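User: Please take a close look at one part of this model, the aromatic ring cluster and the helix packing around it. A connected account with the criteria stated would be appreciated.

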Amino acid sequence: METARIIGNNIKNFRIRFGFSQDHIANYLGVDRTTISKYESGEREISLINLNKLADLFGIEIDYLLEANAVDKTANLVFAFRKQGIEEQDIKSIAEFQKVVKNYLKILKISDEKE
């Protein structure tokens with residue numbers, strides 16, 4: 001259960017860093033808000049599919065969600081966007097944008113390694 005607690009703590013910390021509510025995350029994942037609360041407290045394990053979705057939303061690799069204190073270790077890639085009145089489609093758009101940025105950064109890293 002220690003792993004579930006670490007993952008839950010990371011989900012909570014990234015969620016707060018991005019200014020999302022538990023309701024925002026619940027709607028994005030298609031689960032009940034209480035499920036997010038249980039994920040964050042480590043009472044419930046999260047599926048790999050939902051971990052991947054959250055990694056995309058937060059613009060991070062999935063392994064960051066598995067590491068203790070991952071929020072402190074990651075570069076601050078949080079960008080400004082409106083936090084009031086976020087709709088389900090906004091969350092999906094943010095996740096897609098973050099996924100593009102994450103892939104672009106991977107390509108740059110590979111390109112730099114080849115040079």
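Analyst: F14, F18, F20 and F58 are linked into a cluster by ring pairs; rings of Phe, Tyr and Trp (its six-membered ring) pair if their centres lie within 6.5 Å, with planes under 30 degrees apart counted as stacked, over 60 as edge-to-face and the rest as tilted. The model is predicted: local features need pLDDT of at least 70, side-chain atom pairs count only at pLDDT 80 or more, and totals for chains, interfaces and linings use all residues. Residues are numbered from 1 along each chain as its sequence is written, and side-chain values use heavy atoms, leaving out hydrogens and water.

Searching the whole structure gives 3 aromatic pairs. One of them is stacked, because the ring centres of F14 and F58 are 5.5 Å apart and their planes lie at 20°. F14 belongs to helix α1 and F58 to helix α4, so this pair ties together parts 44 residues apart in sequence. Helices here are DSSP runs (H or I, at least four residues), numbered from the N terminus. F14 has 1% relative accessibility and therefore counts as buried, where buried means under 20% relative accessible area, exposed over 50% and partly exposed in between (1.4 Å probe, protein chains only). The pair of F18 and F58 is tilted, with 5.5 Å from centre to centre and 35° between the planes. Both F18 and F58 are buried.

The axes of α1 (residues 2-18) and α4 (residues 48-58) come within 11 Å and cross at roughly 30°; axes are lines fitted to C-alpha atoms, for helices over the stretch in contact, and angles run from 0 to 180 degrees between N-to-C directions. The contact (heavy atoms within 4.5 Å) involves I7, I11, F14, R15 and F18 of α1 with L51, L54, L57 and F58 of α4.

Notes:
Helix = DSSP H or I, 4+ residues; strand = E, 2+ residues; numbered from the N terminus.
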